[in-house]
Amino acid sequence: MNRTPSLLAFLLTTALLSACTQQPIQRKDGTSSARSFSMKDLAKGDVDSIIEIHQREILGTLKTLTLKLYRRNPNEWRKSGHVSAEAASEAVFKPLGHWELAPLRKTSWETALLDPWRADFAGDRVEALMKGLLVMHMAAFNHQTEFYLLTEVDAQKLYNAARNTEAVVWKLSTAKNAKGEPILLSNTLDANGQPNLSFEREFGKLIGIQDTLAKIIEDKSNRAIRFGVVKTASMIFLPI
């Protein structure tokens, strides 16, 4: 007797019941981590789901950083003709809705990450920086947004993206214009003279997520990561 249909029905029922009984995490901002079950989930392994969760967290952190940078540097979103920091931030990530067809994915992320620090750069520095980070991190995932049992993800690319992000953090905190002022404002002192390190925390979370995922993929693939560093002063990035 062919038991394949019965087995598939059992697996589907089990997955649906599991999805119904799991309690989603409720975040402070009111958002939920829950997502509806899809038949495509049956073609995913545990690690594939972990990759997707980490990718969503990375993109979420990038969105948070983009909005924070625009709010700290309002002149930048005005250069792009947006009506608010929120509108400018949303525009940066709009291509994610159709990433496989988005022209942005073909952007040179290395150039985009260097442009904001040039003295002669007249464009939106936040847009250039965050689009560069977005394309770089998506390149580390081979520009994929869904992952299945046969999907290949390279731990080395994830590790390199984390190191490149560290170089960007260094540049953001040290780059000054001819007047000695920060090219882009990020961490500052509050009214009591205490440092506000909210940017540092978000970037630290971003780097930590990337490093953790790199270790998970390294263990799964049995391909050892080659450790390297970025020459921050020259901003020569690790390849992805």
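Guide: Start with a charge over a ring. R163 lies over the face of Y159, at 4.7 Å from the ring centre. The rule for such a charge is that NZ of Lys or CZ of Arg is within 6 Å of the ring centre and within 35 degrees of the ring normal.

A word on the model. It is predicted, so local features need pLDDT of at least 70 and side-chain atom pairs count only at pLDDT 80 or more, while totals for chains, interfaces and linings use all residues. Residues are numbered from 1 along each chain as its sequence is written, and side-chain values use heavy atoms, with hydrogens and water left out.

Stay with Y159. At 9% relative accessibility, Y159 is buried. Buried means under 20% relative accessible area, exposed means over 50%, and partly exposed lies in between (1.4 Å probe, protein chains only).

Y159 also has an aromatic partner. The structure holds three aromatic pairs. One of them joins Y159 and F227, edge-to-face, with 5.5 Å from centre to centre and 80 degrees between the planes. Rings of Phe, Tyr and Trp (its six-membered ring) pair if their centres lie within 6.5 Å; planes under 30 degrees apart are stacked, over 60 edge-to-face, and the rest tilted. F227 is exposed, at 69% relative accessible area, whereas Y159 is buried.

The charged end of R78 is over the ring of W77, 4.8 Å from its centre.

Now the salt bridges. The whole structure has eight. Each is a side-chain nitrogen of Lys or Arg within 4 Å of a carboxyl oxygen of Asp or Glu. Take E202 and K205, which meet at 3.5 Å, N to O. They are three residues apart in helix α8, so about one helical turn separates them. E202 is buried at 17% relative accessibility. K205 is partly exposed, at 40%.

Other salt bridges share partners, and these join D115, R118 and D120 into one network. D115 bridges to R118, with the closest N and O atoms 2.6 Å apart. D120 meets R118 too, at 3.0 Å, N to O. D115 is buried at 17%, R118 is partly exposed at 34%, and D120 is exposed at 58%.

Next, a serine. S89 lies in helix α4 (residues 85–93). S89 is buried, with a relative accessible area of 8%. Leaving out residues up to four places away in sequence, S89 touches K63, T66, L67 and Y70. Contact here means heavy atoms within 4.5 Å.

Last, the whole chain. The protein chain has eight helices and two strands. Helices (H or I, at least four residues) and strands (E, at least two) are DSSP runs, numbered from the N terminus. From that end, the order is α-α-α-α-α-α-α-β-β-α. Of the 240 residues, 39% are buried. Among contacts between residues at least 6 apart in sequence, 68% join residues at least 24 apart. The chain exposes about 14000 Å², and carbon and sulfur atoms supply 56% of it. Accessible areas come from the Shrake-Rupley method with a 1.4 Å probe; for residues, only the protein chains shown count as cover.
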